[in-house]
Amino acid sequence: MLTGKQKHFLRSRAMTMKPLVNVGKNGLSDHLVQSVADAVESRELVKVSLLQTSDYGPKEVGAYLQQALPGLEIAQTIGRMVVVYKVAANADNRHLSEQVDELGR
């Protein structure tokens, strides 16, 4: 579970990011989960955009991703954007998680 300071740090980092994953008319699928899993493994922080053609809201997408990917945290939902965070399994890809851990102490 992320603390308020950790969420604030992640939200500030996500402001300058562009969405890496788009949810459209295909909706919630295994392909979406795999795309988010790959992106989170390499970057730890991913912005997911919900297109106008999507039948789902940001809270539904966030809950679906949390259920499909254990350990995934929702840092922010705003408008049609969801910002997700997960510590990378590969130690070489852990750049943000070290800073996030320090804020939680």
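The model is predicted: local features need pLDDT of at least 70, side-chain atom pairs count only at pLDDT 80 or more, and totals for chains, interfaces and linings use all residues. Residues are numbered from 1 along each chain as its sequence is written, and side-chain values use heavy atoms, with hydrogens and water left out. Helices (H or I, at least four residues) and strands (E, at least two) are DSSP runs, numbered from the N terminus.

- An open sheet with mixed pairing is formed by 4 strands in the order 1-2-4-3; two strands pair if DSSP finds at least two bridges between them.
- Strand 1 (21-23) and strand 3 (73-78) are at the edges with a single partner strand each, so one side of each has no neighbour in the sheet.
- On average, neighbouring strands of this sheet are turned by 25° against each other, direction ignored; axes are lines fitted to C-alpha atoms, for helices over the stretch in contact, and angles run from 0 to 180 degrees between N-to-C directions.
- Strand 3 and strand 4 (residues 81-85) run antiparallel and are joined by 5 bridges.
- In this pair, Q76 stands opposite V83 in strand 4.

**Helices across the sheet**

- Helix 1 (residues 4-14) lies across strand 2 (45-50), strand 3 and strand 4, at about 55° to strand 3.
- Helix 3 (residues 58-68) lies across strand 1, strand 2, strand 3 and strand 4, and runs at about 170° to strand 3.

**Helix 2**

- The buried residues of helix 2 are L32, V33, V36, A39 and V40; buried means under 20% relative accessible area, exposed over 50%, and partly exposed in between (1.4 Å probe, protein chains only).
- These buried residues fall within an arc of 135° seen down the axis of helix 2, so they line one face of the helix; the arc is that of the directions from the helix axis to the C-beta atoms.
- D30 and H31 are exposed on the other side of helix 2.
- Strand 1, strand 2, helix 3 and strand 4 are what the buried residues of helix 2 pack against, with contact meaning heavy atoms within 4.5 Å.
- E44, with a positive phi near 75°, follows helix 2.
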